[in-house]
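Visitor: I am new to this structure and would like a close look at a single part of it. Could you take me there slowly, and say along the way how far the model can be trusted?

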Amino acid sequence: MTVDDTAPQASTAAADDEADLAATVLRLVEELETRLPPAVVRVERDPGVGDRLAGRPGPVTAAVVDTGEGRLLVLDAGPGGFACTSATRVGGVVVARRRLRLSAWLARLDAFLAAREEETAIAEAAAQRVLVTLGSAEPSDALTVHADSLDEDLADLPAHVEGRVPEDVVDAVRRICVELRETHERLPAGAAHGHLVHRVATDYLPTTLRIYLELPQEWAQEYTGFGGRSALDILREQLDILEIGVRELHRAVLEDDGERLLANGAFLADRFGNADSDLHLPDHTD
């Protein structure tokens, strides 16, 4: 007769998984308490004598997240596990409750946090554009494109210049960003020439925009001391060159044409590798 010892092991593993999940959820609640205002999240605790003597807040027993428009997510933590509910509040009185699985409760919380983060980002970007328009703020480092978040930063870049440059310039930036993202997406892992695409995305394009936006805007659009051209005219020309170069990079990647990649990369480096660019305040002599 053989004894099956897998059942106790499975039971122990399941218990460990439940304990890990409980610890993770409680850490999440504690993180929410530090990051969200009291009007949005309320955490209840039950400190014991030892907690009070040690100045500790005590273990979490409940959390209530106000997701807006009278909707609440309620989590009760007891010895038997979590009790998760969604609730509706009208005039300060809870009029309806619905029991949820923990997974559903976490999914609703995740959706709320994602929407809140997006709304905050949009509001901050709008406020920044207003401040820049009023001349009360310098262009921010939002024009930076990082190699480790290249696709996301390129997707956001047109919005960061919108309202600060003419619409045709925004459209040009948007086209270049789309072409760069598509090119980057098609680069095979460890591609020998991937640095060319990264250099254009993280340096040439954002540097060209940053230099222009650091100029006094009225002067940049009206002063025509660059051979009859304004700084805005030069910006348009440079974006045209960048767009042509990026289009060639895209074609070279699709065709796996190494020589074309190198030649086009050298051309862009020669044209945009100088961080000073053509956009600068001219020297004035009396």
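Guide: **Confidence and a surface patch**

In this predicted model, confidence is highest in helix 5 (residues 167–186), at a mean pLDDT of 92, and lowest in helix 9 (residues 258–272), at 60, where pLDDT is the predictor's confidence in each residue, from 0 to 100, and helices (H or I, at least four residues) and strands (E, at least two) are DSSP runs numbered from the N terminus. Over residues 6–16 the pLDDT is below 50, and this stretch has zero contacts (heavy atoms within 4.5 Å) beyond near neighbours in sequence. Residues 275–286 also have a pLDDT below 50, but there the model shows 25 such contacts. For the protein, the mean pLDDT is 77, with 73% of residues at 70 or more.

Local features need a pLDDT of at least 70 and side-chain atom pairs 80 or more, whereas totals for chains, interfaces and linings use all residues. Residues are numbered from 1 along each chain as its sequence is written, and side-chain values use heavy atoms, leaving out hydrogens and water.

Val95 is exposed, with a relative accessible area of 54%; buried means under 20%, exposed over 50%, and partly exposed in between (1.4 Å probe, protein chains only). Together with Val90 and Val93, Val95 forms a nonpolar patch on the surface, with about 270 Å² of accessible area. Of the 286 residues of the protein, 32% count as buried.

How values were computed. Patch = residues over 30% accessible without salt bridge, like charges linked within 9 Å, V, L, I, M, F, W, Y side chains within 5 Å. Areas by Shrake-Rupley, 256 points an atom, 1.4 Å probe, with all protein chains shown as cover. Salt bridge = Lys/Arg side-chain N within 4 Å of Asp/Glu carboxyl O.
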